[in-house]
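Please look through the structure shown here before reading on.

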Amino acid sequence: MELPVVTLLLVAIAGLTTALEVTPGSRCAVECLDSPGGNDFSASDSTTTVDDISCKDLDYSTTDAGIKFRKCLDCLQHSKKVDKTESDLKWYIYNLRYTLTTCMYAAPKAVKNGTVAAQCNIDKACLAMKEPLIEPGFDANPNTTWDYCTASNGAFMGPNLSPCISCLQATEGEVYLSNFLAALEAGCKQAPEDGAVLSLSGSVFTTSPINTTDPSANGQANQSSGSLSPSA
């Protein structure tokens, strides 16, 4: 007996997954994908959307989406998985950038759980960050991962980065976003290649400022190390 069309559609929809970007074959797939088993071999199974994004620190320990995002990103941060042009390093940076643009500038659109609070005047302190963070787009193209570093004549790495990080640090309940920015800054400074990991002092999901560590400890002896922006 043939199944009704409606039933077939429901089965098809149930098989679809929307999840955080992760490299096919990565051990992090089990944390980043919606499917419990973690189908880690299909690139189409991972697609970061606004529904995956949390802007408040508390959400990363109290909501399903926030906990999933934190576990996924903590895994990506230390993963060296590469598949063709994709790498977990690139998706780590992409997911952080996607969160920042969503929470600070409502791009690609506003998140349901609210953008940054009033303590931080985004329009004043972080306006210069908007164009370089948004310019690479949201098509999840690994070839444009580092474009934010040089977009808008290098505005991201300009003198406005430190005040923006300080602004976010002063925003109660949204300090993690300042570390997201600091991680993106480290990416521009270290320019790690695929198969490497970003050299950071710890997870971005902490209220303590993160710093760079010695890249040689991660097999990146040719990269430079040092502190991030003074306020980071």
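A crossing of two helices is called left-handed if the near helix is turned anticlockwise from the far one by less than a right angle, and right-handed if clockwise. Helices (H or I, at least four residues) and strands (E, at least two) are DSSP runs, numbered from the N terminus. The model is a predicted one, in which local features need pLDDT of at least 70 and side-chain atom pairs count only at pLDDT 80 or more, while totals for chains, interfaces and linings use all residues. Residues are numbered from 1 along each chain as its sequence is written, and side-chain values use heavy atoms, with hydrogens and water left out.

The protein chain holds 10 helices and two strands. Along the sequence, these elements follow the pattern α-α-α-α-β-β-α-α-α-α-α-α. Of the 232 residues in the protein chain, 49% are buried, where buried means under 20% relative accessible area, exposed over 50%, and partly exposed in between (1.4 Å probe, protein chains only). The accessible surface of the protein chain is about 10700 Å², and carbon and sulfur atoms account for 53% of that surface. Such areas come from the Shrake-Rupley method with a 1.4 Å probe; for residues, only the protein chains shown count as cover. A contact means heavy atoms within 4.5 Å. Among the contacts in the protein chain with a separation of 6 or more, 65% are between residues 24 or more positions apart.

Next come the helix pairs. Two packed helices are described by the angle between their axes and the distance between the axes. The axes are lines fitted to C-alpha atoms, for helices over the stretch in contact, and the angles run from 0 to 180 degrees between N-to-C directions. Angles under 35 degrees count as roughly parallel, over 145 as roughly antiparallel, 65 to 115 as roughly perpendicular and the rest as oblique.

Helix 4 (residues 64–78) and helix 5 have axes that come within 8 Å and cross at roughly 140°. That angle makes helix 4 oblique to helix 5. The crossing in which helix 4 passes helix 5 is left-handed. On the side of helix 4, the contact is made by Phe69, Leu73, Leu76 and Gln77, and on the side of helix 5 by Asp88, Trp91, Tyr92, Asn95, Leu96 and Thr99. These residues divide into six nonpolar, three polar and one charged. In this scheme Ala, Val, Leu, Ile, Met, Phe, Trp, Tyr, Cys and Pro count as nonpolar, Asp, Glu, Lys and Arg as charged, and the others, Gly among them, as polar.

Helix 5 (residues 88–105) also packs with helix 7 (residues 127–134), at an angle of about 135° and with the axes 10 Å apart. Helix 5 and helix 7 are therefore oblique to each other, and their crossing is left-handed. Here Arg97, Thr101, Met104 and Tyr105 of helix 5 meet Met129, Lys130, Leu133 and Ile134 of helix 7. Five of the residues in this contact are nonpolar, one is polar and two are charged.

How do helix 9 and helix 10 lie to each other? Helix 9 (residues 161–169) packs with helix 10 (residues 176–190) at about 155°, their axes being 8 Å apart, and the two are therefore roughly antiparallel. Leu161, Cys164, Ile165, Leu168 and Gln169 of helix 9 make the contact with Leu177, Ser178, Leu181, Ala182 and Glu185 of helix 10. By class, seven are nonpolar, two polar and one charged.

Helix 8 (residues 147–154) contains Cys149. In helix 8, Tyr148, Cys149 and Ala151 are buried, and the buried residues of helix 8 pack against helix 5, helix 7 and helix 10. Cys149 counts as buried because its relative accessibility is 14%. Leaving aside residues up to four places away in sequence, Cys149 touches Gly154, Met157 and Cys188.

Some backbone details remain. Most residues other than glycine have a negative phi, and most peptide bonds are trans. Ala107 and Pro108 are joined by a cis peptide bond, with omega about 10°, and Pro108 is in the loop between helix 5 and helix 6 (122–125). Ala140, in the loop between helix 7 and helix 8, has a positive phi near 55° and is buried, with a relative accessible area of 19%. Asn153, in helix 8, has a positive phi near 60°. Asn153 is exposed, with a relative accessible area of 84%.
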